[in-house]
Number of protein chains: 2
Amino acid sequence: MKFAKIPMATIVRLSIYMRALKELLDSDVDVISSERLAKLCGVNPAQIRKDLAYFGEFGVRGVGYRINELVNQIKDILGLNRPWNLAMVGLGNLGSALVRHGNFIKHGYVFTAAFDTDPQKVGKELSNGLIINHVSELEDIVQERDVHVGIIATPPGEAQSVANQLVLAGINGILNFAPVQIQVPDCCHVENVDFTIKLDSIAYHLSFED
Amino acid sequence: MKFAKIPMATIVRLSIYMRALKELLDSDVDVISSERLAKLCGVNPAQIRKDLAYFGEFGVRGVGYRINELVNQIKDILGLNRPWNLAMVGLGNLGSALVRHGNFIKHGYVFTAAFDTDPQKVGKELSNGLIINHVSELEDIVQERDVHVGIIATPPGEAQSVANQLVLAGINGILNFAPVQIQVPDCCHVENVDFTIKLDSIAYHLSFED
DNA sequence: ATAAGTATGTGAGTTTATTCACATTAGTCA
DNA sequence: TGACTAATGTGAATAAACTCACATACTTAT
């Protein structure tokens, strides 16, 4: 599926296009031009065509893109035509809210394990039926339940150690909500979500952009 | 403070540098080289120097950067040497968890208002003492309490309408957790947080990068 | 069947961002 | 005081990303 060196920004945009296209699936239109999609996503139309061109020709000249075909093609490109199993580590406020959050399942991501170190929490059942296990069982359970991606929602001090354990357990993808930079071997891909960094950008714009 | 056209990526990295530097404040070292900081943040040392050079000369040649001075200087650059007031809109799982989350207050962001449309929720008190108001009161309360940034944690269908109301109330900064692209006038700066997009990137890497 | 209209796919040009490499300057030690 | 070391600041080189502009190809209507 991968033909050349693809800009990371392209991959991110493909997700954005797919979100917008999915919204349109229920509507009466079934074809869209790069121009209209670009407006919806806030990007340049040529950008969309270039992004897609890395992977093939998905449009029809003079017509546009058939929405449901394109959704499936982007899914193929991103590797989303299959379920992905998630493990949540850290079931504080944020971790618990994320497990309950409907957006993951909506896009094909399924929580199959949950871990914490707090004895108060271990053994408890989450709203989706998952039982919280102790982090010491992480390696075994991750392998047993075929977890593909680990989500870290622990306090910052524990994030690195959790990451180490995830890597040991054979996990190659981590979504990190802890506000620290975690170090992992090259085989493992980490994405960080830090909303205070986004707030800093907003603060900067409010202070100095006008 | 702003001298030239600054890359957005630079602003984001400054936040990252600051996070790393803050961690070091308690330690015994009080000077750091761009090389060491770069390793901590996973970037190129020259990148750090360039980023800082947009705003002035903060280091000492032959020595490095004094950590606490640099933290303060980055705060000045980003506009963080003052408190910022936040309003949360949408107190479902995620919104409630975010209000309780300690990371905001830690970096100088204070929730001063909370809104929802659910009559079950309006009037309830949050853990930090805030009372949830109805969204219909948004404009008045935002102005009364001097809210600077609105955080949208509503279902996707309501996000645009909430954004419109925030803009009407005079808000120029929005942090959007709803998985839709919201449209606002140029005066308003929007940052999006969409973790399923990050998961898509991970899925792509796990599927095709080796 | 042909012409008109439309929107893709893409090479070339442009802009933006990153990295290199070194001159510069502060500190240290003899 | 002067030579040596270390790490910044920065112009130049490189690399990456984006946008333009148009040739290409599909659809529709006459």
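A residue is near a molecule or strand if one of its heavy atoms lies within 4 Å of it. In this predicted model, 25 residues surround DNA strand D.

**Surroundings of DNA strand D**
- The closest of the surrounding residues are R13(A) and R61(A) from chain A, with S34(B), R49(B) and Y65(B) from chain B.
- Of the atoms of DNA strand D that come within 4 Å of the protein, 69% belong to sugar and phosphate.
- By residue class, the surface near DNA strand D comprises nine nonpolar, seven polar and nine charged residues.

- The side chain of R61(A) places an N or O atom 2.9 Å from a base oxygen of DNA strand D.
- S34(B) approaches a phosphate oxygen of DNA strand D with a backbone N or O atom, at 2.5 Å.

**Elements at the DNA surface**
- Two or more residues near DNA strand D come from each of α3 (45-53) of chain A and α3 (45-53) of chain B.
- The element that gives the most to this surface is α3(A), with four residues.

**E191(A)**
- E191(A) belongs to strand β8 of chain A, which spans residues 189-192.
- Because its relative accessibility is 12%, under the 20% limit, E191(A) counts as buried.
- Apart from neighbours within four places in sequence, E191(A) is in contact with M8(A), I174(A), L175(A) and N176(A) in chain A, and with K198(B), S201(B) and I202(B) in chain B.

Methods:
Residues numbered from 1 in each chain as written. Chains lettered and ligands numbered in written order. Predicted model: local features only at pLDDT ≥ 70, side-chain atom pairs only at ≥ 80, totals over all residues. Heavy atoms only, no water. Polar contact = N/O pair within 3.5 Å; in protein donor to acceptor, adjacent residues only side chain to side chain. Nonpolar A, V, L, I, M, F, W, Y, C, P; charged D, E, K, R; others polar. Buried < 20%, exposed > 50% of the residue type's maximum accessible area, 1.4 Å probe, protein only. Contact = heavy atoms within 4.5 Å.
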